[in-house]
Structures are given as structure tokens and as C-alpha cells.
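Dear colleague,

I am passing on the structure below, and would be glad if you could read the notes that follow alongside it.

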Amino acid sequence: TKVQNYAVFASLFLAASIKAVTAKWPACSEEPDLQAWECQFKRRVYGYALVASIASHILTILLAMAFHNALNEAARDSDVYRMFARGRGFKATEACQHSFQAGVVFCCISLVPPIYEYTSWDSTIVIACATGVVVYTYHRVATRLFVHGSIVRYWREELGGEPDADDPYDLTVPVDHFMKRVDAEETEMYTQHVKSSLIAVGTRSTPKSPRFQLVSQSSIVPCAA
């Protein structure tokens, strides 16, 4: 699922970030001048960005675990619907997504001081260009996907969606099927209750009783209907 994917990738980033923090820091690694403001600035950018990345990815994993634990404890379909309605389950998945994205951004920021350390000022231009290409491409592709397929960004006009004129946001069909499923489940539960009751009564009766000798599976089902 969505939150599972974020949790798996967050664990990979988390492992790499912890390894980078515990290893020798690449910022000001060669002839470090700890009193120079430039060296102090690079070390702080590297360290603080890694700490923020670790915190964001840990939050992603915790949110994913909380979501799945709550979902596993939902015993009925109505509990799942209530979790998404009152418990804002969709907002929980978005929080997981934003936390993972923040962790990735901080992880990329932590890479800037080491790259600058081993190159020069021209590396900042390359990093800026690469970042711009990635952000532009992602925003362009992802926007098209969500605008034409998302229930929020396509159907919900009050939330900014723009559905086609012949494709309104109409929940009549799914609600009708949902009510039919509820009726079918109630009928099935009633049928099973009648079957179990008649079988229990027949078991307690004597085998010679003509009243219960005529009871069979074929006669129970029409009676339940």
C-alpha cells in the first residue's frame, strides 16, 4: 500500500543516514580549520540536515505502523469507513507522504557540503540545475496524473477539481451497491441463524419425531427466505 511503500524506502534512507552520521564527516575532512566560519557552516549544514532527515524518516515509519495497526484492529467494514471519515485516514497517508518527502529533501541538502568540499563553487550551479530539472519534471508528470485521476483533484470541485461535463461527482451508484451488499449480508446472517437454530432443535429432539424428520436443508432455505 501507499504507507507501506513509504515506510520501506524510509528505512533504506534511515540506514544510510545513520551510517553517514556515525562515520567520519566529509565536511572539512582535509586540513580542517575548525575556527573558520566556512568550515563551521559546512559542518552544521551537513549535521543538521542529516539529523532532520533521520527524524523525518523515523516519523514516516511510525505513521505507517500506526496506520496499519489501526487498520488491523478494525473488525468491521464500518470501522474502516469510520477510520477514514472521523479518523481522517486519508490525511494520515498524506502526513506519511510529506514526512518522507521532507526526509529526502534534507538528505539531499546534507550532500551539498561534501560535494562542495571535493569540487568548487561550480558544483553549486550543477546542483541547482539538477534540482530544478528534477522538481520541474516531477511536478509536471505528477500533476497530470492526479488532475486526471484523483478523486480530490479531479472530481471534487469544491476542493479545486475540474471534472468533465459528462462525468460529475456522483456517489449514487457506489452507495446503491453498498446498500445492496448490506442487505445481502443481513439476509445471509439471518439464513445462517435459522439454519443453526433448526439444526439445534432437531438435534435435541428424538429421532422418531415426525416433525423433525421432515426438516432438511432444502426446507430450511425457503423458510429463511
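Asp79 counts as buried, at 15% relative accessibility, where buried means under 20% relative accessible area, exposed over 50%, and partly exposed in between, with a 1.4 Å probe and protein chains only. Asp79 forms a salt bridge with Arg76, their closest N and O atoms being 2.9 Å apart; the term stands for a side-chain nitrogen of Lys or Arg within 4 Å of a carboxyl oxygen of Asp or Glu.

This is a predicted model, in which local features need pLDDT of at least 70 and side-chain atom pairs count only at pLDDT 80 or more, while totals for chains, interfaces and linings use all residues. Residues are numbered from 1 along each chain as its sequence is written, and side-chain values use heavy atoms, with hydrogens and water left out.

The count of salt bridges comes to four. Lys91 and Glu94 meet in one of them, at 3.9 Å from N to O, and because they are three residues apart in helix H4, about one helical turn separates them. Glu94 is partly exposed at 23% relative accessibility, and Lys91 is also partly exposed, at 47%. Asp176 and Lys180 meet in a salt bridge at 3.5 Å, N to O; since these two are four residues apart in helix H8, they too are separated by about one helical turn. Lys180 is exposed, with a relative accessible area of 52%, whereas Asp176 is partly exposed at 35%. Salt bridges that share partners also join Arg76, Asp79 and Arg82 into one network.

As to the fold, the protein has 10 helices and zero strands, these being DSSP runs numbered from the N terminus (helices H or I, at least four residues; strands E, at least two). Of the 225 residues, 22% count as buried. Contacts (heavy atoms within 4.5 Å) with a separation of 6 or more come, for 63% of them, from residues 24 or more positions apart.

The largest nonpolar core has 12 residues, among them Tyr6, Ile54 and Phe100; such a core is a set of buried Ala, Val, Leu, Ile, Met, Phe, Trp, Tyr and Cys residues joined through side-chain atoms within 4.5 Å. Helix H1 (2–22), helix H2 (37–72) and H4 each give two or more residues to this core, and the largest share, five residues, comes from H1. Leaving out residues up to four places away in sequence, Phe100 touches Tyr6, Phe9, Ala10, Phe13, His57 and Thr60. Ser17, also placed in helix H1, is buried at 1% relative accessibility and, apart from neighbours within four places in sequence, is in contact with Leu50, Ser53, Ile54 and Cys107.

On the surface, Tyr81, Leu171, Val175, Phe178 and Met179 form a nonpolar patch with about 450 Å² of accessible area together. Patch residues have over 30% relative accessible area and no salt bridge, with like charges joined within 9 Å and nonpolar side chains (Val, Leu, Ile, Met, Phe, Trp, Tyr) within 5 Å. Helix H8 (residues 172–204) gives the most to this patch, three residues.

Finally, on confidence: the mean pLDDT (the predictor's confidence in each residue, from 0 to 100) is 79, and 82% of residues reach 70 or more. Over residues 208–225 the pLDDT is below 50. Where pLDDT is low, the predicted coordinates should not be read in detail.

With best wishes

Terms used: Accessible areas come from the Shrake-Rupley method with a 1.4 Å probe; for residues, only the protein chains shown count as cover.
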